[in-house]
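Subject: Structure handover and notes

Hello,

Here is the structure I said I would pass on. My notes follow below it.

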Amino acid sequence: MTSPTKFARRGRSLLPGQTAELTIIDLDGSNREVIFVADEVIEAPNWTPDGRALIFNAGGELWRIAADGSGDPERIDTGDLRDLNNDHVLSPDGRIVYVSSDNGHLYAVPVTGGTPRRISNDHPHPHHYYLHGISPDGTTLSYVAVEDRGTGRQVNIFTIPAAGGPDTRLSDVSYPNDGPEYSPDGSWIYFSGERAATRPGHAQCFRMRPDGTGIEQLTFDERVNWFPHVSPDGQSIVYLSYPEGTLGHPPDKDVILRYMRPDGSAQRDLVAFFGGQGTINVNSWSPDSQRFAYVAYSVR
């Protein structure tokens, strides 16, 4: 289905002749199905826990579409917030969507729409919140903060109570980290970073215990690997793999979605396409752990 919807234009734009394709594939990489095509940037699909809908970001706002692609996307009312980025997660019961605003803070909004409730704290130094995960019991959010405590820009991993409360630092390093996400049993936080890099940009996938200890490296190849997302049954991970030499996780690259087991074994390619930033910034697994949603940015 091609979008008749006109999303707000904000941030990056598509290349000439490019479309954004909201796509679903099976766990083995088969049955690729494009359920929605937009001529503007859409990003970061989440699957709702009931399996009926996908929620994605476009133009600084959140939109809901039926998982079978039927009907037009419907905007989720987020009150005065019109500057949401592509980092958002759903509560385990599907009632709340937690969002990151480009004003640097985190908010909770009813998934049916409503007034945002701010969760994040003010800091004496820059501390820009980017949300990525929620604990299985729904009580704790995991995020990265872009901060500068007088020693230069750093990106580190933190947690914060979903109801609001003190931030807990899980890393204090100078190299980039991103995408911290809880395993379904709550025993691990999966993330990406340049912890083992011998050259700038060479990010790999890792996991650690929820208190920041016990760090294990999961990928070891020459490609640049970001955003490991764990399936709801805890048996599978899909992550975004960039070409060797990529810096960060930019848009408009030839990328591969890759599969691995939670311990990093059994790695294999699922699908290759033109994508990158916005493709899978959030967990995009179906509730039954059999399908996966992503955004490709095709040039025709």
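Ser289 is placed in the loop between S22 and S23. Please keep in mind throughout that this is a predicted model. Ser289 is not a glycine, yet its phi is positive, at about 65°. With a relative accessible area of 2%, Ser289 is under the 20% cut-off, so the residue counts as buried.

The loop that holds Asn281 runs between strand S22 (268-275) and strand S23 (291-299). Is Asn281 buried or exposed? Its relative accessibility is 3%, so Asn281 counts as buried.

- Asn281 to the side chain of Asn86, at 3.3 Å
- Asn281 to the side chain of Gln277, at 3.2 Å

Once neighbours within four places in sequence are set aside, Asn281 is in contact with Ala44, Asn86, Asp87, His132, Phe227 and His229.

One of those contacts, Phe227, belongs to strand S19. Phe227 also has a positive phi, of about 55°, although it is not a glycine. Its relative accessible area is 1%, so Phe227 is buried.

S19 runs antiparallel to strand S20 (residues 237-242), and five bridges join the two. Within this pairing, Asn225 has Ser241 of S20 as its bridge partner. The S19 and S20 hairpin has six residues between the strands, and Gly234 in this hairpin takes a positive phi near 75°.

Next, a sheet that includes S23. Three strands, in the order S2-S1-S23, form an open sheet with antiparallel pairing. Strand S2 (33-38) and S23 are the edge strands, each pairing on one side only. Direction ignored, neighbouring strands of this sheet are turned by 25° against each other on average. Between strand S1 (residues 18-26) and S2, the antiparallel pairing extends over five bridges. Glu33 in S2 is the bridge partner of Ile24.

On the nonpolar cores: which residues of the largest one touch the most other members? They are Phe7, Leu22, Phe36, Ile42, Leu54 and Phe56, out of 20 residues in that core. At least two residues of this core come from each of S1, S2, strand S4 (53-58), strand S5 (61-66) and S23. Another core, of 19 residues, lies apart from it; Ala203, Val224, Ile280 and Tyr294 are among its members. Nonpolar side chains tend to be buried together in soluble globular proteins.

Not counting residues up to four places away in sequence, Ile42 touches Phe7, Ala20, Leu22, Phe36, Phe56, Asn57, Ala58, Val295 and Tyr297.

The last item is Gly164, in the loop between strand S13 (153-161) and strand S14 (168-169). Gly164 has a relative accessibility of 26%, and therefore counts as partly exposed.

Regards

Conventions. Residues numbered from 1 in each chain as written. Predicted model: local features only at pLDDT ≥ 70, side-chain atom pairs only at ≥ 80, totals over all residues. Heavy atoms only, no water. Pairing = 2+ DSSP bridges. Helix = DSSP H or I, 4+ residues; strand = E, 2+ residues; numbered from the N terminus. Buried < 20%, exposed > 50% of the residue type's maximum accessible area, 1.4 Å probe, protein only. Polar contact = N/O pair within 3.5 Å; in protein donor to acceptor, adjacent residues only side chain to side chain. Contact = heavy atoms within 4.5 Å. Axes fitted to C-alpha atoms, helices over the stretch in contact; angles between N-to-C directions. Core = buried A, V, L, I, M, F, W, Y, C linked by side-chain atoms within 4.5 Å.
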